Amino acid sequence: MKAIVQDVYGPPEVLRIEEVDRPVPGRGEVLIRVRAAAVDQGVWHLMAGMPYAVRAVTGLRRPRTRVRGMDVAGVVEAVGQDVTRFRPGDEVYGNCQGSFAEYARAKEGTLAPMPRGISFEEAATVPVSGCTALNAVRDSGQVTAGQRVLVLGASGGVGSFAVQVAKSYGAHVTGVCSAAKADLVRSLGADEVLDYAQEDPVDGSRRYDVILDIAGNRPLSRLRRALTPRGILVIVGGEGGGDWIGGNQRQLGALLLSPFVGHRLRPLGTLVRRRDLEALTELIEAGSVAPAVDRTYPLAEVPEAIRRLRDGRVRGKIAIGL
């Protein structure tokens, strides 16, 4: 089968398309005929091996997993022993290792039936970013109807879902993005849209019950200025911060500071679970959430898709079609 592989860490140029063996599903695993995948910042971090801390998990000198890609949507080709929820021919979406390939193997618990009424390309953009947004809004942010929510990075992958999920919970949502992407954020349902080049959204002139800071790099002290006295700050990922731990230094700082201040400061990682996929399916099928797909690239152009993402040109999500 064709797959996008890498043998060393580095820029998108280390990726190449190659013929590799088709994976075989093990116990509790599903083999998927991939119809679409997606690109997010996590894919870049794993490809680049940056910050260096990720290599403790992915391989110190070279990647342990050669085939990149985490989001997947496709058709079940075969099932391993003890799989009870799926059978060949089922359309599924979820999370796996190695979705930039014609076939991918996934654990049964990281998949769900594909939502009705959307394409494979749209479905593939949901799992990582959608589950992260859902956890940020529902679990860490504990958003309820009538609250004021600020989404920093509202036009990106996680942000585009976070705006919609927060609106589905009845919040008043302010999205922050560039002027060029303001129309997208409005179309997602944001009540207000702020251009970060024209005004500082966390200067303290407005207060929010919940702030979702997605892949940002603002200091915790500045973010806290814009919170209500018992407000919640959720830090989702982050850029900058140095080669060794990157944006994780803010997450660590939030964890250490939170017990000593009135604000609740909560770092958030990415976890794709069956129950979260099923919750997103309900929101998608109800019309409350719709994937915002910037464009779809073919498998061979994954490196260009990653470059476009890192250049900051993406509105919403990028899909990979097979």
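Colleague: How many salt bridges does the structure hold, and what makes a pair a salt bridge?

Modeller: The structure, a predicted model, holds 29 salt bridges. The term requires a side-chain nitrogen of Lys or Arg within 4 Å of a carboxyl oxygen of Asp or Glu. Local features need pLDDT of at least 70 and side-chain atom pairs pLDDT 80 or more, while totals for chains, interfaces and linings use all residues. Residues are numbered from 1 along each chain as its sequence is written, and side-chain values use heavy atoms, with hydrogens and water left out.

Colleague: Why is the pair of Asp 7 and Arg 66 called a salt bridge?

Modeller: The closest N and O atoms of Asp 7 and Arg 66 are 2.8 Å apart, so the pair meets the definition. Asp 7 belongs to the loop between strand E1 (2–5) and strand E2 (16–19), and Arg 66 to the loop between H2 and strand E4 (71–79), so the pair ties together parts that are 59 residues apart in sequence. Helices (H or I, at least four residues) and strands (E, at least two) are DSSP runs, numbered from the N terminus.

Colleague: Why does Asp 7 count as partly exposed?

Modeller: Buried means under 20% relative accessible area, exposed over 50%, and partly exposed in between (1.4 Å probe, protein chains only). Asp 7 has 30% relative accessibility, so Asp 7 counts as partly exposed. Arg 66, at 31%, is likewise partly exposed.

Colleague: Is Asp 311 buried or exposed, and how do you know?

Modeller: The relative accessible area of Asp 311 is 53%, so Asp 311 is exposed. Asp 311 forms a salt bridge with Arg 313, with the closest N and O atoms 3.3 Å apart. Through shared partners, salt bridges join Glu 13, Glu 304, Arg 307, Asp 311 and Arg 313 into one network.

Colleague: What makes you say that the charged end of Arg 310 sits over the ring of Trp 44?

Modeller: A charge sits over a ring if NZ of Lys or CZ of Arg is within 6 Å of the ring centre and within 35 degrees of the ring normal. The charged end of Arg 310 is 3.6 Å from the centre of the ring of Trp 44. Arg 22 lies over the face of Tyr 103, at 4.6 Å from the ring centre.

Colleague: Which salt bridge does Arg 22 form with Glu 77, and what does the pair tie together?

Modeller: The side chains of Arg 22 and Glu 77 meet at 3.9 Å, N to O. Glu 77 lies in strand E4 and Arg 22 in the loop between E2 and E3, so the pair ties together parts 55 residues apart in sequence.
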